[in-house]
Amino acid sequence: MKSFLWKKLITSTVTQAVALTQSTGAKRVLVLGENTDSLQSALAESVNQIESIDINTLYSIFSYSQENPKAPVPTLSVADGTYDLCIVSFSLHQFEPETAERIVRECLRIAPKALLIDFALAERNIELPSQYICSLAEQFFHGGHWDIYQHYVRVGALHGIAHRAEASELANVTVWGGGVRLLLIG
């Protein structure tokens, strides 16, 4: 059941991510986090250059600073402005809010726009059931980072992280009744 629902969620999310990416006119894209293969495959025909960093590599880059708050701020070894768009897929909720904010700032350093895809807080009452289902899934299927997920929610989830990174919202698309959002920022 878990993998069936996850596949459905990923399919609808990838479809929306492709549409948003095409709307930006981005030709050089970096994809970070979960489902990088699905996103790369779907975007391959509409961009000139696409590269990815999977969640394990992303975690190894940023986990040291998460465990040692006084450590130097990690950076992606990419020059400023190398990409047109940086996509962060289902990863921000797996990091402490300060680290998630660093990831978003890094994206905006290497690209003028970023597409953040992750769990979000309900903006309307009708979206509450979807938010609860996503939270339950995180608690039971990914118990290893439940405490971090709770911190992510407390700072406002996806919108809170984008706000902390001082980013401007350019587009906001909901998937699965509002429990997941694609937030285009610049």
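Is Phe-90 buried or exposed? In this predicted model, Phe-90 is buried, with a relative accessible area of 1%. The cut-off for buried is under 20% relative accessible area, so a residue at 1% falls in that class.

Six strands make up an open sheet, with mixed pairing and the strand order 2-1-3-4-6-5. Strand 2 (49–54) and strand 5 (169–175) are the edge strands, each pairing on one side only. From one strand to the next, the twist averages 15°.

Helix 2 (residues 36–43) packs on this sheet and touches strand 1 (28–33), strand 2 and strand 3 (85–89). The direction of helix 2 makes about 175° with that of strand 2.

Strand 4 (residues 113–119) and strand 6 (residues 180–185) run antiparallel and are joined by six bridges. Leu-115 has Leu-184 in strand 6 as its bridge partner.

**Two residues with positive phi**

Phe-90 has a positive phi although it is a residue other than glycine. Phe-90 sits in the loop between strand 3 and helix 4 (97–110). Glu-166, also not a glycine, has a positive phi as well.

| Residue | Phi | Relative accessibility |
|---|---|---|
| Phe-90 | near 45° | 1%, buried |
| Glu-166 | about 60° | 65%, exposed |

Glu-166 counts as exposed because its relative accessibility is 65% and the class begins over 50%. Phe-90, by contrast, is buried.

Notes: Residues are numbered from 1 along each chain as its sequence is written. This is a predicted model: local features need pLDDT of at least 70, side-chain atom pairs count only at pLDDT 80 or more; totals for chains, interfaces and linings use all residues. Side-chain values use heavy atoms; hydrogens and water are left out. Two strands pair if DSSP finds at least two bridges between them. Helices (H or I, at least four residues) and strands (E, at least two) are DSSP runs, numbered from the N terminus. Axes are lines fitted to C-alpha atoms, for helices over the stretch in contact, and angles run from 0 to 180 degrees between N-to-C directions. Contact means heavy atoms within 4.5 Å. Buried means under 20% relative accessible area, exposed over 50%, partly exposed in between (1.4 Å probe, protein chains only).
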